[in-house]
Amino acid sequence: MNFAPAIEVVRGSSGMKISSNPRRLLGAATATLLSVLPLSVLADWGLNLPRGVTPFSNTVYDLHMMVLWICVVIGIVVFGAMFYSMWKFRKSKGAVAANWHESTLVEVVWTTLPLVILIIVAIPATKALIMMEDVANADMTVKVTGYQWKWHYDYVDHEGVDFFSTISQDSNVARQKNSGVDPFSVQNYLLDVDNRLVLPTNTKIRFLTTAGDVIHAWWVPALGWKRDAVPGYINESWATIQEEGVYRGQCAELCGRDHGFMPVVVEAVSPERFNAWVAEQQAAAE
Ligand SMILES: [Cu+2]
């Protein structure tokens with residue numbers, strides 16, 4: 001598609017005249033849009049939602065994509081109708097404004113259609129919400145407590161396994177004023193901790209989230225959710241991590257001066273390796 005001349009016209013017009021050839025300009029705009037749209041490009045730039053590693057995060061991703069495409073179709077239809085009408089029925093061609101007042105048909109259509117679309121979106125969204133709240137039949141429980149500015153993890157079913165998790169020393173040094181350390185030289189700057197939350201894969205893990213001082217929020221994007229950690233309250237959530245790996249997150253509630261310096265690092269390992277790790281921790285605690 002040849003759209004260079006249209007762009008030249010736009011550049012040379014200094015805002016006085018948009019284009020001598022509107023059809024060419026429309027072609028240029030469409031070509032530009034289509035070249036930007038492919039979602040693989042968005043994913044490569046990190047603009048799209050990550051898919052995550054839990055059944056819930058995948059559900060959220062699919063929901064997000066469905067709603068996105070519905071919005072894209074609505075956008076194309078609405079703006080298409082607008083631009084087409086403005087072009088086809090322009091005053092210079094002698095068009096006269098139509099009278100749409102008190103048209104029952106139009107009013108019924110524009111009330112019903114959005115309602116139907118909302119119901120179509122609400123059904124899978126409600127299913128996802130119910131799925132998120134269903135913490136029943138969990139295989140193990142981890143109690144997460146937020147403090148200014150660290151996390152405490154308590155493996156409720158494994159006696160003697162509980163510890164604090166604070167920002168890693170190299171990040172902590174680099175973040176200080178006039179530290180002389182280039183943050184870019186620190187691996188996983190502000191996203192690394194001393195003690196990782198080690199969890200088994202393919203196990204339904206229930207999280208009990210609370211806080212010891214102010215409100216924090218425990219957030220690991222790969223799990224697909226974040227949960228407020230509120231003093232005096234216990235919030236429940238769950239995750240079944242399907243892939244081994246290291247997943248990073250942060251406190252997502254403005255909790256004070258060092259809010260930005262209380263990262264979360266989850267290390268998902270096989271259930272066998274997890275049991276070995278638990279045994280190690282228990283032996284060390286004795
Ligand atoms: Cu916090």
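Of the 34 residues of helix α4, the number buried is 2, so the helix lies largely in the open. This holds for a predicted model. Helix α4 covers residues 55-88. At 1.5 Å a residue it should span 50 Å, and the 49 Å between its end C-alpha atoms agrees with that value.

Helix α5, residues 104-133, can be described in the same terms. Its 30 residues reach 43 Å from the first C-alpha to the last, close to the 44 Å expected at 1.5 Å a residue. Helix α5 is hardly covered, with a count of buried residues of 0. A kink of about 25° lies at alanine 122 in α5, shortly before proline 124.

The chain as a whole has 286 residues, of which 18% count as buried. Its secondary structure comes to 7 helices and 10 strands. Among contacts with a separation of 6 or more, 64% are accounted for by residues 24 or more positions apart.

Strand β2 (residues 150-155) and β3 run antiparallel and are joined by 4 bridges. In this pair, tryptophan 151 stands opposite serine 165 of β3, and tyrosine 153 stands opposite phenylalanine 163 of β3. The hairpin of β2 and β3 has 6 residues between the strands, and glycine 160 in this hairpin takes a positive phi near 80°.

Further along this sheet, β1 and β5 run parallel and are joined by 7 bridges. Methionine 140 stands opposite isoleucine 205 in β5. Strands β5 and β8 run antiparallel, with 6 bridges between them. Leucine 208 has glutamate 236 in β8 as its bridge partner.

Another open sheet of 5 strands has the order β4-β10-β9-β6-β7, with mixed pairing. Strands β4 and β7 (225-229) stand at the edges with a single partner strand each, so one side of each is left without a neighbour in the sheet. Neighbouring strands of this sheet are turned by 25° against each other on average, direction ignored. Strands β9 and β10 run antiparallel and are joined by 5 bridges, and tyrosine 247 stands opposite valine 266 in β10. Helix α7 (residues 271-285) lies across β4 and β10 and runs at about 135° to β4.

In soluble globular proteins, nonpolar side chains tend to be buried together. The largest nonpolar core of the model has 33 residues. Val144, Leu199, Tyr247 and Val266 have the most contacts inside this core. Two or more residues are given to the core by each of β1 (140-147), β2, β4 (197-200), β5 (204-211), β6 (216-220), β8, β9 (245-251) and β10 (264-269). Strand β10 gives the most, with 4 residues. Two of the residues with the most contacts in the core, Tyr247 and Val266, also stand opposite each other, with valine 266 in β10. Leucine 199 touches Ile205, Ile241, Val266, Ala268 and Phe274, not counting residues up to four places away in sequence. Among these contacts of leucine 199 is Ile205, the residue of β5 that stands opposite methionine 140.

The loop between β9 and β10 contains glycine 256. With 14 C-beta neighbours inside 10 Å, glycine 256 counts as partly exposed. Leaving aside neighbours within four places in sequence, glycine 256 is in contact with Gln148, Trp149 and Val214. The C-alpha atoms of glycine 256 and histidine 216 are separated by 9.3 Å, the two residues being 40 residues apart along the chain.

Terms used: Residues are numbered from 1 along each chain as its sequence is written. This is a predicted model: local features need pLDDT of at least 70, side-chain atom pairs count only at pLDDT 80 or more; totals for chains, interfaces and linings use all residues. A residue is buried if 20 or more other C-beta atoms lie within 10 Å of its own, exposed if 12 or fewer, and partly exposed in between; C-beta atoms are placed from the backbone. Two residues are in contact if their C-beta atoms, placed from the backbone, lie within 7 Å. The expected span of a helix is 1.5 Å times one less than its number of residues. Two strands pair if DSSP finds at least two bridges between them. A nonpolar core is a set of buried Ala, Val, Leu, Ile, Met, Phe, Trp, Tyr and Cys residues joined through C-beta atoms within 7 Å. The bend at a residue is the angle between axes fitted to the seven residues ending there and the seven starting there. Axes are lines fitted to C-alpha atoms, for helices over the stretch in contact, and angles run from 0 to 180 degrees between N-to-C directions.
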